[in-house]
Structures are given as structure tokens and as C-alpha cells.
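Subject: Handover of a structure and findings

Dear colleague,

Please find below the sequence and the structure that I am handing over to you. My findings follow directly after it.

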Amino acid sequence: MHRSLANPPVFAVTRKERGCVTLSEERGSIVHIFVLEDDVMRVAVLPDGAWKMPSTWAIAPGADDVPAEGRAREDLSGFSCPDYALCEAKGILTIETARLRLSIKLAGFSCRWAMKVNETWVPIARDRFTQAYDFGWWDGRVRHYLQRADDEKFFGLGEVSGEMDRAGRRIRLSNTDALGYSARTSDPLYKHIPFYVTYSAKTKAAFGMFYDTLSDCAFDFGCERSNYHGRYRLFEAEHGDLDFYVIAGPEIADVTRRFTWLTGRPAFMPKWSLGYSGSTMSYTDASDAQARMNEFLAKCAEHDILCSSFHLSSGYTSIGTKRYVFNWNRDKFPDPAAFVAHYGAHGVKLVPNIKPALLTDHPLYEHCAREGFFIKDADGKPTIAYFWDFLGSYIDFTNPRAAAWWKAQVRKALLDIGMTATWNDNNECELKDTTAQTAFFGKPRAAVEAKPLQSLLMIRASREAQCEHAPDRRPYLVTRAGCAGLQRYAQTWSGDNATSWETLKYNIRMGLGLALSGVSNAGHDVGGFAGNAPDAELFLRWVEAGIFMPRFSIHSWNDDGTVNEPWMHPEVTHHVRDLIKFRARLQPYLYDLMWRYAQEFEPIVRPTFYEFPHDERTFADNDELMLGPALLVASVVEADAVRRSVYLPDGADWCDYWRGVFHSGGQTVTVPADWGQPPLFVRAGSALPLNLAAQRFAKPADERGFYVFPHRDAGAFETKTFEDDGETNACFRGAFAKWTIRCETTARDVELSLSRSGSFGAPLKALRAFLPFSEARRVIVKGGTLLNDVPSDEGRMITIGFATPV
């Protein structure tokens, strides 16, 4: 449909019902306004009056999943669909909830948005005055233009290079295998999450926008300019519909939590997924792969490196130099089941690499081609694409029979021999052929219209196979690619990063961008994946940063054939060992954060402005992150650093973890940057659950304890932490415990109370807790007895006894 600019559409309300207002105009264009929650509205603009993509795989409000074939876009289940006010005056239609107000100019269709903040309506966004939408006067691509203000900052879009604020940039989302990318400049990267948060420095208010599309798309935040249209920002997509959600804040935390809820409950991974995971391309590529793999276990024992899993690179599937998914190379691994059992006997889970394409000479290729399991060309034959330097075809996961075949192969090749996890890799589905067709659940569609859906359905199928194989075990998956909603299935990482100081610096920001976009269980290839091997200093600084990320894996494919291993630089191996043990000590805190992520949609890592939005200095570009609400991590990201300056956000006091010294917030402090002691500060009024057991490789142990950081002056706080068996679904049936730590302080005393409720864990007669070195006040234990109070290497250690075991 082509329309002249001189003849803009004039809309009228044609339907009003619970959750939806529909506008139509005489030439057939339709706009649906969905009122989903008081803080969530949605606008769907259909210039031709019909959906081009009638299903969504992103939207799963508070749910664990959506059907494999997707969720109908007009399905409002899971939303409360609150009452709303609707009025029309002087050509303006206003739709208002308790939190959001949308005002629509019906002639031409133009929107203005306001959000209620402290009982005052605050303007947050408006369409640009000229041609905000395409009602038939352009090329049919999806576009949306909004006005842009100089005081606005833009955060999100998932995995993006560069600084966290996207202002002034043009960013593409087109899942790409970006080997050796620059974490500062490369674009596009692996993931597709068209969601961002706008923060106004003027109004101090934030809101979110999510464009529900699977198409390659781009966002422009002021890179593009025009003399005719004023200052604007732009969303454009190659295919699909303009279907966007507006999420009210006013805090960035409100927006991120709601968006995470909107796209589905994050998977609650097993506790072992938080341990150190070994990995490298080199071991499985070697002709003596099994010997090299067993040598890794021996080296872990020799150096006492705690290790809970190993990511098994695809060399185990090789025939010659090629990779053949689900094929075990029996020359390298004569008895795969025995190999898996050997690792399991050392407490190390294997996470095997699987890829969603078969090379044309794969032993199973002809079978899959006959069965129609591949994405097809215009003639119905498998589409051929470059994959891992050779030619192959992608499995079509929109074909239910192909997905079932995939699940069967996961079970037969991996799960039936003792593996319990999958590493879903190279799953960007990087197809450019516009003639390639997918089955799309019986309604064939061009593959380029929904490439990231293949990534999502791959990990969905892998997860289903794991759940069906071990119904009461929480599955562990990791994926490199995906789209909005991937957190429902898998952990992720930032792909094949380049080895450099710059990567360390900007990967931190990349992880925070993902966390703000609903995907918080993530990490990076510690040490750097591609390029020269890291020197001792860079490697150690990477480990110092990596231990505070939800995913902690050292992985590499170094140009010189060397391997990034904990012992690669003998002069720092003792530091690496101790840092990994420190992460194990913090594991109960990390695990509690993962539980909160799954239950309360709170990101595990977050930028400082997430916790302290009223401190404008936290919005300045920086290298820090918050691990949960309590820990401020200030990684060292520059070579030869001996000291590190850190801005401590206003609104809290901060304790230097290593030295026990308190600092007031709202100031910059400079602390030593000693090797092996990454600058780390704890928010006063916090308690960290710890594992105080002395641990050695292959000999896991657990002893619950706490590190309590009281307020410096009079005050009180309460912390609750979660624990369970760490692996089964029993926690969803109520088999878990929660510790409650209360702390009240005066000028002279610190009063502590610790209790445990729930149905997990052996009763304890006593436990140890720590206070900072500088804490000199008298300790009073409420509901217990102070058995011991002595200095230690970690702080002031107290032992608390309980007359009735807790």
C-alpha cells in the first residue's frame, strides 16, 4: 500500500475491551494499544491491517516458557490487564493507567508518553513531529522515530561493544560469529535483544522500550541527523511488525526487573555452574586428546585448583580437521562413557560443545536431508552455507520433527553416556540467503526473517532433552547466541573475545548491558579467547575480574598454540589458586543472587547506577560493577597499575574488604592494586553468606558462615539468604532453607541474631561469623551464645552457639 504524505491516516477508536483499544482508519491501517499492567503498555502498528509475524517467542510474563510454536501476539494471558481511563478531546485520545499515560494525536497518529512519579505526571517520550511511522510512504521496512533530548542516556540492547551509554551511536542487532571482536568498537555481535532503557538526567526518571521483533534491526541514538526532522532516535527492522512495549520506571531497577519478568523467568541453574569451569580448544584438537584432558585433572590436583566443570570443545567430534556434531572420535576418546565417568569421579562435570549445522560430508547429513530437517532453498533442497570454514546446512528448529531428531541425538550421544549439560555454540544461524526457507511450524517463511529464533529453539530443544533425561535435575546449558527470553533456558557468555587490556575493560560493560537487558547469568572468556596469549599480569587481572562474574570460565584459542590455564604463569599460579578459592568462599552469596534472579528478576551483576540512581556520578562511564546489592567490584583494567581509584556511591558507607577500613560514600578513594587482591568494597548494612570449609580439588566441603558488615553508627538491617541441595527441583517443592541475619548497632554495641527456617540442612549447634578488622564494639548475640571472639586473618571472628540447634 503506497500513500502520499499529503494524505496521512486519520484514526478512530473501533474497539475497546479489557486490555486492548483498537484504532482503525479508512484505508485499512490498524493500531492496537494493549494495556497490560499499570506500568506496561504496548503499541502494535499494522499499516496493512494484519500481522506479518503473528507469534512471539519473547513474551512469557513471569512464566518458565512459551510453546515451541510461539505465543499468539494477541494472547494476553499472564497479564493483569488493569482498568484504564479512556477519553477523547480535540482529536487527542488519552489512555491512562495508575502509572502510564499515552496521548495519541489521531490525525496522522503520533504518541506522547508520561509516567507518574511521586503523584506528578512526568513527560518521558514523544514521537518526532514528522513521519514517526511508515503508513505506506517508504519501502515497507519497519521504522519508529522518537524525539531525542540531549540530557537522555540510553542503556541496554544486550551484548553491545563500547561504553554503556549508547547515546550518539548506531547499533545493529544481527546475530554474528564475531571471532576476535573488539569489545570497544565491533558491531554487530552474537545476540539480539532489542530492548533499551532511557534515563533523563533532567527528570531523574527512567523507562524502557522493547521492540518485539526477530528481524535484523538497528537502533540510532543520534548518529543519524537530518535538517528536516529535528533531533531524533530511530528503530528500524528489515522484516516483521512494529510491536513495541513501554515499561514505566521511574528507577532503572524497576524497568529491568519488569522486562526480565516480561520475557520469562530465568532458569535456576545448579550450584556447580558457579564454580570454575576449565576449557580450551587445544586439548580436544590434539591427537592424544584424552591424555591431555586427563592431564588437566592431574594439574588441578597438583596446584590445588578447585574446578567443578569443564567445557569440552568440539574437537571430540572431529574427523580430520572438521567438526561433526554428535560424532565421537574414537581414536581420541576410545571409551567416551569411561572418560565421562573419570571426570565425574573427580567432581568435574563435562559440558560438551554442540553445533546446529551438519557439514555436507557428515555421516548423518544425507539422512537429515532426506527427512527434510534442514533449512531449505527455493527448490526444497538443503541451503548450503559456510560453517566452520567448510560447507554445511543448518538444522531447522521450526520443524518439530527436526527438533525431535536433535533431542534424540543429544540423549544418545551425550546424556546416555553420563553427561548432564550442553554447550550450544556457533548458533548464530548466520544466513544471508534471502531464498532460504524454514518450515515455521507448517507455514514456511524466509529464514532471514527470524534468524535468532533458530538460536532460541536450539537451546530450548537441548534443554528439553536434558529435562526429559533427568526430570528432577535442574539442567545446565550455555549458549553463545540467542534473543530476548534466552535467560529462560541457558547461561551465556560474550563469545570469542580478543586478548587485550581493552577487552577486559569493555567486556565488563558488555556484561552489565546484558544484565540490564534481562540476561544476567553471563560471563566472558577469562584471559581472552583469540590472539596472543596473555602475559602474567593481564591473565591475573582477568581472573581477578572473572571471579565476580556469574559465569567463570578460562577459555582460549591462542595464536601460538598455548593454552590459558590456571598454572600457565608459575609466578602468579598461587594467586590464581587463591582467587578461585575465594570465589568458592563466596559461592553461597552468588547462589543466593542466582535464586533471587530466578524468583525476583533481580540481576546478579548490575551497574552502580542501578543501586544508586540518585547519585549522578554513578552514571559517568566507569569500570566498576555491583555484584548483588552488597559488593562493589573495582577491577584493575590497566597494565602496570599499583593503585586503583574508586568512586564510592553516595547513600552508603563502604568497607574495604581486604583491610576492614570504612569509607563514607560520595567520594573517590585510592587503594592498593596488589596482585591477587582485587579492589573490593562492601556496603555497610550487609551480610554475606560464606562457605568457610577448607576446600581442595575433588574434595568439596561446605560449612555455612557469614561476614557481617554493620552500620558505622546507630542503625539496623536484616538479610535473608537461600540454600538448598544445589541440584534438584526439590527447592520448587519447598525443600529449601532461609537464613535470617539481623544486626542492630549503637555507638557501643553490635547486636546479632541468626536463625534458619525451612526444610533443608542438618541442624547446627554453632557457626562462625566475621566482622571487619576495624569493628571494635561489643558484640551481643540474641538467641544464642557468644562462644569465642578472636582476631583472624579475615577479620574479627566470632563463634556463636545455639542452645537449640538451628
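In helix α9, the buried residues are Ala536, Glu537, Leu538, Phe539, Leu540, Arg541, Trp542, Val543, Glu544, Ala545 and Gly546. Please note that the model is a predicted one. Helix α9 spans residues 536-546 and is mostly covered, with 11 of its 11 residues buried. The elements that cover these buried residues include α8 (501-516), β35 (522-526), β37 (551-554) and α10 (573-600).

The axes of α8 and α9 come within 10 Å and cross at roughly 10 degrees. Since angles under 35 degrees count as roughly parallel, α8 and α9 are therefore roughly parallel to each other. On the side of α8, the contact is made by Trp501, Thr503, Leu504 and Asn507; on the side of α9, Glu537, Leu538, Arg541, Trp542 and Ala545 take part.

The loop between α8 and β35 contains glycine 518. Is this glycine buried or exposed? Glycine 518 has a relative accessibility of 0% and therefore counts as buried, as the limit for a buried residue is under 20%. Leaving aside neighbours within four places in sequence, glycine 518 is in contact with Phe259, Thr260, Gln487 and Tyr597. Its C-alpha atom is separated by 7.9 Å from that of glycine 485, which is 33 residues apart from it along the chain.

I turn next to the strands. Strand β3 (residues 30-37) has 8 of its 8 residues buried, so it is largely enclosed by the rest of the structure. Strand β2 (residues 20-24) runs antiparallel to β3 and is joined to it by 5 bridges. In this pairing, serine 24 stands opposite isoleucine 30. The hairpin of β2 and β3 has 5 residues between the strands, and glycine 28 takes a positive phi near 105 degrees there. Strand β3 also pairs with strand β4 (residues 40-46), in the antiparallel sense and over 7 bridges. Here isoleucine 33 stands opposite valine 43 in β4, and the hairpin of β3 and β4 has 2 residues between the strands.

Leucine 100 has methionine 115 in β10 as its bridge partner. These two strands form a hairpin with 4 residues between them, and glycine 108 in the turn has a positive phi of about 95 degrees. Strand β10 is in turn joined by 6 bridges to strand β11 (residues 120-126), again with the strands antiparallel. Arginine 112 stands opposite arginine 126 in β11. In the hairpin of β10 and β11, where 2 residues lie between the strands, asparagine 118 takes a positive phi near 55 degrees.

Which order do the strands take in the open sheet of 4 strands? The order is β12-β19-β18-β14, with antiparallel pairing. The edge strands, each pairing on one side only, are β12 (142-147) and β14 (170-173). On average, neighbouring strands of this sheet are turned by 10 degrees against each other, direction ignored. Within the sheet, 6 bridges join β12 to the antiparallel strand β19 (residues 232-237), and leucine 146 stands opposite arginine 233 in β19.

Finally, some values for the protein chain as a whole. Its secondary structure comes to 11 helices and 55 strands. For 806 residues, a compact globule would have a radius of gyration near 28 Å, and the 27 Å of the protein chain agrees with this. The C-alpha atoms fill a box of roughly 80 × 70 × 50 Å along the principal axes. Of the 806 residues, 63% are buried. Among contacts between residues at least 6 apart in sequence, 67% join residues at least 24 apart. The accessible surface comes to about 28300 Å², with 50% of it belonging to carbon and sulfur atoms.

Yours sincerely

Key
Residues numbered from 1 in each chain as written. Predicted model: local features only at pLDDT ≥ 70, side-chain atom pairs only at ≥ 80, totals over all residues. Heavy atoms only, no water. Pairing = 2+ DSSP bridges. Axes fitted to C-alpha atoms, helices over the stretch in contact; angles between N-to-C directions. Rg over C-alpha atoms; globule rule 2.2 N^0.38 Å. Buried < 20%, exposed > 50% of the residue type's maximum accessible area, 1.4 Å probe, protein only. Contact = heavy atoms within 4.5 Å. Areas by Shrake-Rupley, 256 points an atom, 1.4 Å probe, with all protein chains shown as cover. Parallel < 35°, antiparallel > 145°, perpendicular 65-115°, else oblique.
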